[in-house]
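Hi,

Here is the model I promised to pass on. Have a look at it first, and then read my notes below.

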Amino acid sequence: MKSFEYVRVKSVADASRMLGSERDEAKLLAGGTDLLGEMKDYIVTPSRLVAFRGVPNLDKIEWDDKGGLRLGALVTLARIQEDKRIREKFAVLPEAIDLAAMPQIRNAATIAGNLAQRPRCWYYRDEHTHCLKKGGDKCYAVNGENQYHAILGGGPCFIVHPSDPAPALVALGASVVIAGGDRSRTVPLEEFFVLPSQNVRRENILEQNEVITHVVIPAATPGFRSAYVKEREKDSYDWALAAAAVAATRDGSGNVTSCRIVLGGVAPKPWRAAEAEKALVGKPLSESAIKEAAKIALAGAVPLDQNAYKVPLATVVLERALRKVV
Amino acid sequence: MAGVAPPKTKKVKSTITVNGEEKEVEIEVLDVEASWGKPEDRKYVGSRMTRLDGYDKVTGRAKYTYDINLPGMLNGAILRSPHAKARITAINIDAAKALPGVKSVLKLKDAGAIVRYAGDEVAALAAETPEIAEDALRAIKVTYEPLPFVVKEELARDPEAPRVISSERPNVEPGRATTRGEVGPAFEKAAAVIEGEYYAQARVHAALETHGHVVAYQPDGSVKVWSSTQGVHGVADEMANITGLPKDRIEVVCEHMGGGFGAKFGAGVEGRAASLLSKETGRPVKMMLDRRGEAESAGNSPTAKMKVKIAADADGKLAGVEAEGYGTGGIGSAGVPFPYIYPVPNVKVQQATVRTNLGPSNAMRAPGHPQASFLMESAVDELAYKLGVDPLEFRVKNDPFPLRQAEYKIGAERIGWARKFNKTPGRGSGPKLTGVGVAAATWGGGGGGGSLCDVKIAQDGSVVVELGTQDLGTGTRTYMRAIVADELMVPIEKVRVKIGNSRYGFSGGSGGSTTTPSVAPAVKMAAMQAKFDFLTALSKSTGEPLDKMEIKPGGVVSNGTKNHSWDEACKRLPAGGTSSRGAWVPGLAQGGIGGVQFAEVEVDMETGRVRCKRIVAVHDCGVVMNKMTLESQINGGIIQGIGFALTEERIADRHTGRVVNPNLEEYKIPGPWEMPEFEVVIYEYPEAKGVSGMAESPVIPTAAAIANAVYNASGARVRSLPIVPARVLAALGKVKGATA
């Protein structure tokens with residue numbers, strides 16, 4: 001592992017300053033569950049680690065008067081998972097975390113770090129494979145071993161975003177508070193993520209000197225329900241082959257008044273299925289409406305040569321998620 | 001029998017394995033009728049005993065090679081080729097040597113050498129910390145001229161494909177072939193014929209402790225080696241060769257082992273490098289492989305693809321098998337026993353090894369058998385369904401092996417075959433359907449000669465049993481202690497076991513289910529000798545006649561009346577106590593074991609996900625040493641079998657030539673949630689006279705039983721492993737443009 005400077009900071013401003021402006025020269029260290037692995041594998045070789053965990057007040061779970069939720073960047077996945085009120089109000093998030101990683105990792109991993117994690121693509125993670133994401137000139141997945149790669153939103157790189165909480169939070173309409181330099185901005189999480197076609201070197205809009213300080217979830221309206229479903233090859237620690245996060249509000253007669261559908265494991269970012277959402281609004285969540293919506297959500301899928309199975313799989317996963325909120 | 005007859009000895013021929021070569025030697029053994037006796041006469045052997053070292057293991061007190069940290073120790077690392085095939089045109093180690101903390105750098109290949117797989121060893125070094133060692137590897141400047149390569153066996157078969165080994169050597173070499181009878185007429189007269197192509201994937205051993213050693217040159221010039229090995233004596237022989245020292249100047253230690261599964265017999269490149277680096281630096285060197293090194297270079301289980309045509313006659317008897325297949329073990333070899341357990345009258349099988357630019361295969365828990373079981377048992381299953389015969393009945397009819405005949409019956413009862421077998425697979429309500437399947441195993445499992453065991457009894461009443469074997473995690477210490485305690489009729493706590501050191505009496509490598517049948521007989525003979533030596537010494541000391549002395553629980557009875565407690569008797573021994581040696585004899589070990597497993601699975605018809613709900617495993621093992629660790633061995637085999645069936649595959653990229661999943665993230669070994677309900681039945685039968693090993697048999701039939709159960713549940717025949725959702729959905733016809 002390349003030698004690095006280890007800097008403890010006590011404030012967001014210090015963190016931003018210590019991160020500097022040279023991309024990847026300094027990296028923010030929170031739970032470290034992703035970053036340290038990348039460093040050991042020589043995928044990133046920062047000269048400085050900015051230890052963020054000492055910054056006060058970023059490990060809080062706070063509710064506002066209306067029932068909105070503010071999660072500090074350093075809140076661990078395990079704490080969200082254990083929180084009864086979050087599970088009651090925003091089930092999709094703890095359900096996603098239940099199926100993410102393993103207890104040891106969930107105890108260390110932070111919610112902000114989870115959103116900013118790098119892809120697990122096995123070409124990206126191989127020190128000796130110089131792919132697009134690392135400044136190379138091709139995506140090795142296109143003609144290679146692409147059984148786990150993207151069927152939606154891919155190109156020129158075909159990673160899938162690895163996070164389980166991310167689709168859940170996008171479904172909840174969450175925002176992230178980002179601070180850096182002399183500014184702070186609040187961005188809808190959906191707009192936080194970028195596709196490879198926008199910027200192949202990164203997965204989100206964070207600038208080098210920026211950090212996520214909070215994740216904010218708006219209060220739920222009456223009649224709101226949410227759920228997460230994930231399919232994988234094994235249940236003891238595995239990434240999603242396909243996942244679906246669903247949040248829907250229904251009126252007294254059972255008709256959907258609003259709904260958000262986000263797919264995981266199938267696209268380079270949490271994949272919002274807007275057309276499918278539209279198809280459900282104003283209708284009850286009948287079996288035929290569910291099937292129709294799931295079909296619409298996957299209509300634009302373009303599989304690679306080994307991942308066509310993800311189309312029927314993601315369709316079923318979404319159907320099951322929708323049935324959970326009925 | 002009252003008293004003890006003076007020991008007669010005889011000379012017998014025995015085979016010992018030294019450096020992987022079998023040698024015939026003459027050994028002197030006790031000339032007594034060796035027997036394990038009746039179960040009711042044994043207090044410990046054959047009972048349920050918790051693992052002697054279990055507490056040490058769960059508390060972390062047990063020290064594995066990986067845990068050895070010595071004063072002044074350096075950390076070693078190996079530079080591997082990133083290319084699947086290349087010529088090294090230049091190699092410069094100066095910059096690496098100049099890094100602070102780097103103590104020695106060693107070229108393993110020179111300019112001009114050819115690397116034949118990504119992971120092939122190029123250089124090694126030793127540094128003050130593992131982190132410096134890793135940085136230093138990257139400071140070694142190697143220039144490669146990349147050469148054409150091929151890593152997919154179906155592409156390597158093309159005559160135009162790049163040659164893997166050398167331009168003179170074709171990639172395809174004829175392998176195992178079997179011909180008997182005539183298949184043509186058998187197919188013509190057949191009542192049912194099945195044709196199918198089956199594929200078993202490449203796997204890696206994925207032992208939780210990687211390969212490696214700590215090598216320490218001692219001040220007196222001797223060498224001590226801590227080794228994660230399946231054979232301390234084999235490594236000692238190899239280290240003697242590497243260092244040029246006589247074997248008595250080498251001490252190889254393996255107290256605890258984090259898994260070997262067939263891949264850890266030799267010192268390996270890492271042992272050689274660690275030894276040279278320790279000699280040069282004068283400091284201990286720890287050289288453990290990382291996961292990538294482990295996956296690329298430390299061995300794998302070869303693939304097996306087989307086109308099978310199989311026929312049965314109108315009586316439901318197997319009439320003929322014609323099969324053509326190939327597999328790849330990288331630059332190593334491939335091949336499976338086929339048509340496996342079935343005595344088919346007409347057989348024509350031709351196999352080939354296809355070389356690819358991947359690391360060499362080596363033995364992996366029942367080499368070739370799990371693959372053969374999956375290929376053959378799948379085809380047999382398909383044939384039974386086509387005939388309209390219950391696949392279990394079909395096996396009972398076609399598999400004459402007596403032990404398995406009994407095991408099919410027991411297992412069918414336990415799994416509830418009659419109730420759970422679906423006559424029409426794939427029918428049922430709801431997306432999740434269940435079904436059952438069955439498959440069988442065969443293995444040798446007998447022991448080999450050469451083991452020399454010592455039993456020492458001290459004046460303080462303590463007993464030590466000592467043997468140069470090693471415990472791979474199977475429970476060797478526990479049964480060794482039991483055998484001695486039973487023979488001397490002392491409480492088991494009195495016996496201390498010393499193994500895992502090449503300074504102790506010879507024992508062979510632990511592989512092929514041979515450890516227990518090689519070790520236990522030698523321990524038994526040593527314990528019998530110890531009993532005689534002990535009573536002889538006591539007789540001399542007390543003047544009581546030897547032929548009137550008898551060991552009873554807790555002590556010695558003399559002349560039928562006079563009692564000595566064990567501790568009092570031991571006080572009468574000479575100052576040095578007694579020291580006795582026993583050697584392996586035939587008659588206490590036996591081979592030729594069977595084993596049958598039944599699987600119950602649940603298939604999600606919409607997602608293609610398979611979950612194994614229950615395994616009933618019925619296994620014979622001759623005379624049982626310890627029921628608890630025996631069951632544990634069977635559980636372990638089943639777990640590995642589930643990985644083979646459902647989740648594990650080593651995947652190499654055809655364009656980069658590199659293994660894409662050299663880690664435990666994407667090489668998916670089963671975890672706690674993949675565990676089914678285990679029901680292990682040990683089939684004990686009175687005719688058993690010897691002890692057999694139980695490592696291979698339980699890993700063999702699991703995958704085939706699961707695959708057959710998947711069909712019985714879903715109606716989808718998945719002919720390639722692992723049975724992941726992609727393959728099940730394809731077999732169910734749910735994936736556009738894909739076939740199973």
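What follows is a quick tour of chain B, ending at one glycine.

Residues are numbered from 1 along each chain as its sequence is written, and chains are lettered from A and ligands numbered from 1 in the order in which they are written. Bear in mind that this is a predicted model, where local features need pLDDT of at least 70, side-chain atom pairs count only at pLDDT 80 or more, and totals for chains, interfaces and linings use all residues.

On confidence, the complex gets an ipTM of 0.97 and a pTM of 0.96 from the predictor. Chain B has an average pLDDT of 95, with 95% of its residues at 70 or above (pLDDT is the predictor's per-residue confidence, from 0 to 100).

Chain B has 18 helices and 28 strands (DSSP runs numbered from the N terminus: H or I of at least four residues for helices, E of at least two for strands). The C-alpha trace of chain B spans about 90 × 75 × 45 Å along its principal axes. Of its 740 residues, 58% are buried, meaning 20 or more other C-beta atoms within 10 Å of their own, with C-beta atoms placed from the backbone.

Now the glycine: Gly330(B) sits in the loop between β16 (318-327) and β17 (346-354) of chain B. Why does Gly330(B) count as buried? Because it has 30 C-beta neighbours inside 10 Å. Beyond its neighbours within four places in sequence, Gly330(B) has contacts that include Tyr117(B), Asn300(B) and Pro360(B) (contact: C-beta atoms, placed from the backbone, within 7 Å).

Cheers

How values were computed:
Buried ≥ 20, exposed ≤ 12 C-beta atoms within 10 Å, placed from the backbone. Contact = placed C-beta atoms within 7 Å.
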